[in-house]
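Hi,

Here is the structure I promised to send over. Have a look, and then read on for what turned up in its charged side chains.

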Amino acid sequence: MSRRVPRSRVPLVLALGAALTAPLALTSPATATGRYGQYTVTALKFTVQAGGRTCTVDADLYRPAGVDAAHPAPAVLATNGFGGSKNDGSTDAIGKAFAERGYVSLVYSGLGFGRSGCLISLDDPAIDGEAASRLVDFLAGKRAADDGTNADFVTQDGPGDPRVGMIGGSYGGAIQLATAAVDHRVDALVPMITWNNLAYSLDPNNVLGSGSVPGVFKWQWTNGFYLIGEGQPLLEPSLDPSRINSLACLHFVTKACDTVRTLNSGSYPADKTADMLAYAHSVSPVSYLSRVEAPTLLVQGQADSLFNLNEATATYKALKAQGTPTKMIWQSWGHSGGLTDPASGELNLSQGNLDSSYVGKRILAWFDRYLHNQRTVDTGPAFAYYRDWITDPGRTYATADQVPAPGRKMYLSGDGKLVDNRKKVARGSRTYTNWLISTSHSESSLTGIIGLPDPAPYDTPGTYLGWTSEPLTRTVDVVGAPRATLKVVSPKTERTQDSGNAADKLVLFAKLYDVAPDGTKTLVHRLVAPVRVPDVTKSFTVTLPGIVHRYEKGHRLRFVIAASDDAYFGNRGIKPVTVVSAPHDTGVLELPVAGGS
């Protein structure tokens with residue numbers, strides 16, 4: 001049986017940071033001794049130009065003992081997750097862990113966080129990327145910190161070109177791609193649990209080829225982060241005027257606030273939708289990956305409803321296609337929880353288990369190869385994924401040359417069965433109707449932040465349709481993103497969907513359950529695929545979030561489409577939906593199955 005992954009939010013230390021952590025005051029270098037070596041820590045300030053503003057960047061320089069101009073070392077640059085600072089547990093741990101191992105580490109608070117100035121600009125390469133590039137200048141010896149400190153002890157690939165890698169999670173992950181897009185001096189990246197496209201992250205539409213049709217607002221996650229951002233001047237008092245925008249948009253750049261307001265309005269008029277999508281793309285790797293040349297090790301979390309596995313997969317495929325050296329790992333934990341106990345064999349940066357965890361060893365090998373130029377180092381397989389049904393921590397990861405593609409087909413029968421052959425499809429039609437309130441629950445996205453229990457997922461009868469397979473005769477390991485091709489009938493939607501406001505189009509949610517012999521249902525990592533149907537008169541294909549899950553022998557698969565989900569905005573108005581099935585014309589579910597299981 002699979003080990004049940006706890007509904008824990010421990011990984012949010014990486015994502016949100018310890019926003020209330022008191023900053024460490026260092027007026028002169030402090031010496032520390034870690035498990036692997038001694039180093040000094042010096043607090044520095046940098047005044048940089050970014051996005052037309054003058055910003056102060058608050059940083060800590062970790063310098064290993066014995067590293068000097070005659071004995072230089074490669075550098076590691078890192079910053080915090082959203083809401084954190086250079087002092088939060090995971091960011092600080094990066095500086096310590098790599099300084100102990102002989103790397104010069106420069107860890108800083110991102111713009112708008114901690115005691116760094118300027119507005120939150122969502123890792124915009126033209127703002128956050130440029131600010132990070134100025135820190136690369138420091139590591140190159142081209143500029144000094146505000147107090148005159150110079151870094152003449154970093155390995156150089158050429159004049160003004162330091163040997164530097166970047167690592168970090170979530171907000172501290174996307175900044176790496178943004179920096180590498182504007183500064184090709186960066187030599188290696190390890191972005192963890194981060195986004196490919198903020199339009200998909202915050203307003204996902206899982207219909208293939210949906211184009212300019214917006215998605216379904218992920219209101220819990222988005223508003224939680226927005227409130228954390230707007231509260232920064234209260235959480236970290238500062239008189240720095242560069243941190244304040246206006247009363248209407250306190251701490252973000254204006255376009256970020258405009259985007260959140262559009263999403264919260266529940267309305268998608270064409271002009272506002274175009275602006276929103278254009279801005280979300282502009283601050284997302286999807287728009288600038290073509291400029292990223294640095295070798296990239298992507299690490300994404302299976303337990304992550306904010307930035308799911310599909311985001312890393314999209315980045316991975318784009319980088320591979322253009323020839324950028326790229327590999328990808330799907331670990332157990334993400335923004336929604338998972339296993340971070342070192343006993344599980346999983347990486348926990350705050351506990352410093354780089355040498356004893358699978359992901360940690362892969363990261364060290366990546367930096368050995370691209371920062372120490374150890375060309376014979378094996379950086380591991382192209383793709384690796386965590387299996388929660390394996391109890392031996394040394395065997396939890398499986399590897400493959402590529403992510404499995406959907407291949408095994410199952411069909412939606414008119415009698416509510418999920419069958420393995422078109423000939424078994426019964427003719428029939430079934431209907432559900434949405435209510436004006438949400439009637440399905442997948443998750444409470446901010447459970448870990450507000451400290452409340454999260455009820456089990458549920459769907460209210462009459463507001464969803466489900467198709468269930470026969471008990472499986474053997475185990476089936478699904479690794480990747482399932483896909484469903486559907487056709488629905490919704491006359492009320494037909495009459496409104498061309499109104500000019502995308503809010504009048506049909507919204508539904510696709511998901512895949514594991515049903516145990518006793519009837520217990522598991523929604524894997526509570527993941528759902530929100531859909532805003534471009535045109536209900538045509539069939540459409542939905543890509544579900546990627547999963548790694550073993551369906552045990554005797555269990556059944558259950559595919560569901562629901563009218564609502566309380567973690568997202570839903571339909572505008574009542575829109576009954578009918579699904580018709582016939583052997584020659586019915587919905588198809590395709591599963592990416594690993595290892596021939």
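Salt bridges first: there are 17 of them, counting a side-chain nitrogen of Lys or Arg within 4 Å of a carboxyl oxygen of Asp or Glu. Keep in mind that this is a predicted model, where local features need pLDDT of at least 70, side-chain atom pairs count only at pLDDT 80 or more, and totals for chains, interfaces and linings use all residues. Residues are numbered from 1 along each chain as its sequence is written, and side-chain values use heavy atoms, with hydrogens and water left out.

Asp-183 and Arg-185 form a salt bridge at 2.7 Å, N to O, and both residues are buried (under 20% relative accessible area; exposed is over 50% and partly exposed lies in between, with a 1.4 Å probe and protein chains only). Asp-420 and Lys-424 pair up at 2.8 Å, N to O, but these two are both exposed.

Asp-183 and Arg-185 also belong to a network of salt bridges that takes in Glu-130, Arg-134 and Asp-137.

Then there is Lys-511, which bridges to Asp-459 with the closest N and O atoms 2.7 Å apart. This pair ties together distant parts of the chain, 52 residues apart: Lys-511 sits in strand S22 (residues 507–515) and Asp-459 in strand S18 (residues 458–459). Strands here are DSSP runs of E, at least two residues long, numbered from the N terminus. Lys-511 is buried, at a relative accessible area of 0%, and Asp-459 is buried too, at 12%.

Cheers

Technical notes: Helices (H or I, at least four residues) and strands (E, at least two) are DSSP runs, numbered from the N terminus.
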